[in-house]
Amino acid sequence: MNLFRFSVRGTAVVLTMMAALFLSACTANLGSTDEHGLLPHLTVDMRLPPELSPGSPLQFRVTVGQRGAPVDSARVTFEFWPEGSPEQRLEIAGVSGGNGLYTAEHRMNDEGVYVVRCRVTSGPLEAMPAKRFAIGKESVLRLASLEHQQSSNQPASGGSSGGLHH
């Protein structure tokens, strides 16, 4: 009978300790998530210029928010390079227009497929969305081929897309 009392007490103590550990672990990160259970993050909406033509100034835009409110104190940098040539990267500081909007103007003198990446930093948070875009008819076809290959995970084929690996 003494053995039975000890095991019931021991089990009760162990269960109490496990419950305390479980509850403390469950509540440890409540302050760091939003109402949807997501960790703090930036929302970044990057927009390409509606008209893309060589030699003309192009205005790139990004809207930055956090928890549904605009972020006007972010550090925003736009980075541009020709597809496949990140070593030719050019950085341009974003200019704040208020209400979470940042812009940068850049001129691409040659037709081709390009990448624009926006590096957004606000406090400890960082986001780096990137988009490809094309200038010129041949480049638009090349970009469509690249995106098709990427979405279907197919290797590059011959023909006009055979020169993708510069």
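## Starting at a hairpin

In strand 3, Ala-69 is the bridge partner of Gln-66. That pair belongs to the antiparallel pairing of strand 2 with strand 3 (residues 69-70), which runs over two bridges. Two strands count as paired here if DSSP finds at least two bridges between them. The hairpin they form has two residues between the strands, and Arg-67 takes a positive phi near 55° there. Helices (H or I, at least four residues) and strands (E, at least two) are DSSP runs, numbered from the N terminus.

A word on the ground rules: this is a predicted model, where local features need pLDDT of at least 70 and side-chain atom pairs count only at pLDDT 80 or more, while totals for chains, interfaces and linings use all residues. Residues are numbered from 1 along each chain as its sequence is written, and side-chain values use heavy atoms, with hydrogens and water left out.

## The whole chain

The protein chain holds two helices and 10 strands. Read from the N terminus, the order is α-β-β-β-β-β-β-β-β-β-β-α.

Of the 166 residues in the protein chain, 27% are buried; buried means under 20% relative accessible area, exposed over 50%, and partly exposed in between (1.4 Å probe, protein chains only). The accessible surface of the protein chain is about 11,100 Å², with 57% of that on carbon and sulfur atoms. Those areas come from the Shrake-Rupley method with a 1.4 Å probe, and for residues only the protein chains shown count as cover. As for contacts (heavy atoms within 4.5 Å), take those in the protein chain with a separation of 6 or more: 55% of them are between residues 24 or more positions apart.

## Strand 2 and its partners

Strand 2 turns up in several pairings. Strand 1 (residues 43-47) pairs with strand 2 in the antiparallel sense over five bridges, and Arg-47 has Arg-61 of strand 2 as its bridge partner. Strand 2 (residues 57-66) also pairs with strand 7 (residues 101-107), again antiparallel, over seven bridges. Arg-61 stands opposite Thr-103 in that strand, and Pro-57 has Arg-107 of strand 7 as its bridge partner.

Strand 7 has another antiparallel pairing, with strand 6 (residues 95-98), over three bridges. Gly-98 stands opposite Leu-101 there. In the hairpin of strand 6 and strand 7, with two residues between the strands, Asn-99 takes a positive phi near 55°.

Where does Glu-79 sit, in terms of strands? Glu-79 belongs to strand 4 (residues 75-82), and is buried, with a relative accessible area of 1%. Its side chain makes polar contacts with two arginine side chains: Arg-89 at 3.4 Å and Arg-117 at 2.6 Å. A polar contact is a pair of N or O atoms within 3.5 Å; within protein, one must be able to donate a hydrogen and the other to accept it, and residues adjacent in sequence count only if both atoms are side-chain atoms. Leaving out neighbours within four places in sequence, the contacts of Glu-79 include Leu-90, Glu-91, Val-115, Val-116 and Arg-119.

His-106 lies in strand 7. At 16% relative accessibility, His-106 counts as buried. Residues up to four places away aside, His-106 touches Ser-56, Pro-57, Leu-58, Phe-60, Phe-80, Leu-90 and Ile-92. Asn-109, in the loop between strand 7 and strand 8, is exposed at 56% relative accessibility. Asn-109 is 52 residues from Pro-57 in sequence, and their C-alpha atoms are 9.4 Å apart. Beyond neighbours within four places, Asn-109 is in contact with Pro-54 and Gly-55.

## Helix 2

Helix 2 (residues 137-152) has 16 residues, which at 1.5 Å a residue should span 22 Å, and its end C-alpha atoms are 23 Å apart, which agrees. The expected span is 1.5 Å times one less than the number of residues in the helix. Ser-139, Leu-143, Leu-146 and Gln-149 are buried in helix 2. Seen down the axis, the buried residues of helix 2 fall within an arc of 125°, so they line one face of the helix. The arc is that of the directions from the helix axis to the C-beta atoms. An α-helix has 3.6 residues a turn, so residues three or four places apart point the same way.

What covers those buried residues includes strand 8 (112-122) and strand 10 (130-135). On the other side of helix 2, Lys-137, Leu-141 and Ser-151 are exposed. Just after helix 2, Asn-153 takes a positive phi of about 55°.
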